[in-house]
Amino acid sequence: MTAIQLTGLARVLKKNFHRLGILQGTYPWLFILGSILTFIFCFCGFFLFTIEMDFVTLFSVTGSPSLLNQKFIESTFPTNNHDNFEIKRFTNVKNTNRLIITAIDNSNILRQDIFNEVVELDKIIREIEFQVPEGPYSNKTLKYKDICSKYADGKCYANPVLKLSKSMTLLEENKHTLKYPFEFDVFTGNIVEYASSLGGAEVDSRDFLISAKAIALFYFNSPKYENILKYWETKLMDVISSRKFTNIKVSTISFNIMGNEMLKTALYAIPYFVYCSVFMGFFAFITCSYGDCVVTKSWVGVIGLIVATMSGLAGFGFCQYFGIPCAPPSIAILYVILGIGMDDVYVMLEAWKRSDPERTVAQRMGETMEHAGISITISSLTNCICFLIGAAAPLKFSYYFCMYAAACVFFDYVLTVSVVGAVIVLLARGEARPLHAVLFIPFDTAAKLCKSPVFFYTTFITGIYDVTTI
């Protein structure tokens, strides 16, 4: 576009924003009511709220070689992980729970007392009972054996490392040896592999095991029960955290548990958002104050903060109507919206201060929107475009985060222009009465109430009402 075309566009925008400001100065409550209804409509989207906590889905690049290779393996070497499980062909790590067990004193775990507790832990895990609140398995008591990936004989995967418990005493007395990372069992003709089950291994010159620092236990779950796996994992975490062992420490790893931890971490940010909002409220109240207690716009800053928070909630709710799930870290968008929203408030207030105080409220609001409207529109449009470009990145987390951010910025623009402008109009109308702009009571009454002590008088009444005060 040429400079002449841009100048013409700017004139058109100024003219329309001037009309909008006059309309807003005439019917402020209409804009406030419309904004409230818009917020309610968007907030109702939370009834459709969905959250995405799958690490693989969130942080795997679309079309990445690892995902393509996994799909190729699964299609070329199809498996039945429900009732014909083969660990050598297992590729779905999302349905796997892994326990890492170490000694409390961080010493060698190849000890009989430690293996006794590991075997006991395995039995406890397999006996964990849980219930599903809804669906085809509701009101049923289930155990690990009901959801595990089973071999052709109907048995769940058994960790072979646990068999060492029978010979651990002989191993401690150097009457038995283990070849690492695997050895050939002459009695069964099978190869027994220890590399995946014994970590931090130390071997001698002949590759015989001397010591190890950790034991890994694996629990493979059938993909058929993927939707109810979280209930078993919740019980598993409760048991591990509440059970106290004498000789071992237990940690657990799974993609679902990692997702739950990601959610908990995001929820930890909510109290900090409240603290930030309170601090920003005080800051906005002070920085939006003038030297005159009648024309001051202290509450505009606070209202702007509330509008920014409402915009964040409206953006989150609006995205639910389009089936866009929320990634837990997206809660950080609320902090971003606070900054963007308050910036727009200061732009509008500065434009209002520069308007002609001799004009009517509607005319002043038209002049305010004529100057502030374009600035707010361009900055909000720029932010939205940047986030929409970010949503095109081949990463699901980036897509979710940027789409929510773009929606929040859009509603922040709409609600700030509508509500903050209307609040400025209402406060400006109070100047003519005149009303105290902080206490919302007649100026003379406020002066009498705050006459003593001096602190209140100087804080709330200082400044002489004058129509030319800005």
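In this predicted model, the residues lining the second largest pocket divide into 3 nonpolar, 6 polar and 5 charged. The volume of the second largest pocket is about 440 Å³. Its lining is made up of 14 residues, and those closest to the centre of the pocket are Met-53, Asp-54, Glu-226, Lys-230 and Asn-256. Two helices, H8 (229-242) and H9 (255-287), each supply at least two residues of this lining. The helix that gives the most is H9, with 4 residues.

Helix H9 also takes part in a helix pair. Two packed helices are described by the angle between their axes and the distance between the axes. For H9 and H10, the packing angle is about 150° and the axes lie 7 Å apart. Because angles over 145 degrees count as roughly antiparallel, H9 is therefore roughly antiparallel to H10. The crossing of H9 past H10 is right-handed. On the H9 side, the contact is made by Phe-273, Ser-277, Met-280, Gly-281, Ala-284 and Phe-285. On the H10 side, Ser-298, Trp-299, Gly-301, Val-302, Leu-305 and Thr-309 make the contact. By class, the residues of the contact between H9 and H10 comprise 7 nonpolar, 5 polar and no charged.

Helix H10 (residues 298-320) packs against helix H13 (residues 396-431) as well. The axes of H10 and H13 come within 7 Å and cross at roughly 145°. This crossing of H10 and H13 is right-handed. The contact of H10 with H13 contains 20 nonpolar, 6 polar and 1 charged residues.

A further pair is formed by helix H11 (residues 333-354) and helix H12 (residues 361-391), whose axes are 8 Å apart and whose packing angle is about 150°. This angle makes H11 roughly antiparallel to H12. H11 passes H12 in a crossing that is right-handed. In the contact of H11 with H12, the residues fall into 10 nonpolar, 6 polar and 4 charged.

Two features of the backbone were found in loops. The peptide bond that joins Tyr-180 and Pro-181 is cis, with an omega of about 15°. Pro-181 is placed in the loop between helix H7 (168-172) and strand S4 (182-184). The other feature concerns Asn-106, which has a positive phi of about 60° although this residue is not a glycine. Asn-106 lies in the loop that runs between strand S1 (96-103) and helix H5 (112-126).

Methods: Residues numbered from 1 in each chain as written. Predicted model: local features only at pLDDT ≥ 70, side-chain atom pairs only at ≥ 80, totals over all residues. Heavy atoms only, no water. Axes fitted to C-alpha atoms, helices over the stretch in contact; angles between N-to-C directions. Left-handed = near helix turned anticlockwise from the far one by under 90°. Nonpolar A, V, L, I, M, F, W, Y, C, P; charged D, E, K, R; others polar. 1 Å grid on protein atoms, 1.4 Å probe; cavity = no way out; pocket = protein on both sides within 12 Å on 5 of 7 lines; lining within 4 Å. Points joined across faces, edges and corners; volume = space filled by probe spheres on them. Parallel < 35°, antiparallel > 145°, perpendicular 65-115°, else oblique. Contact = heavy atoms within 4.5 Å.
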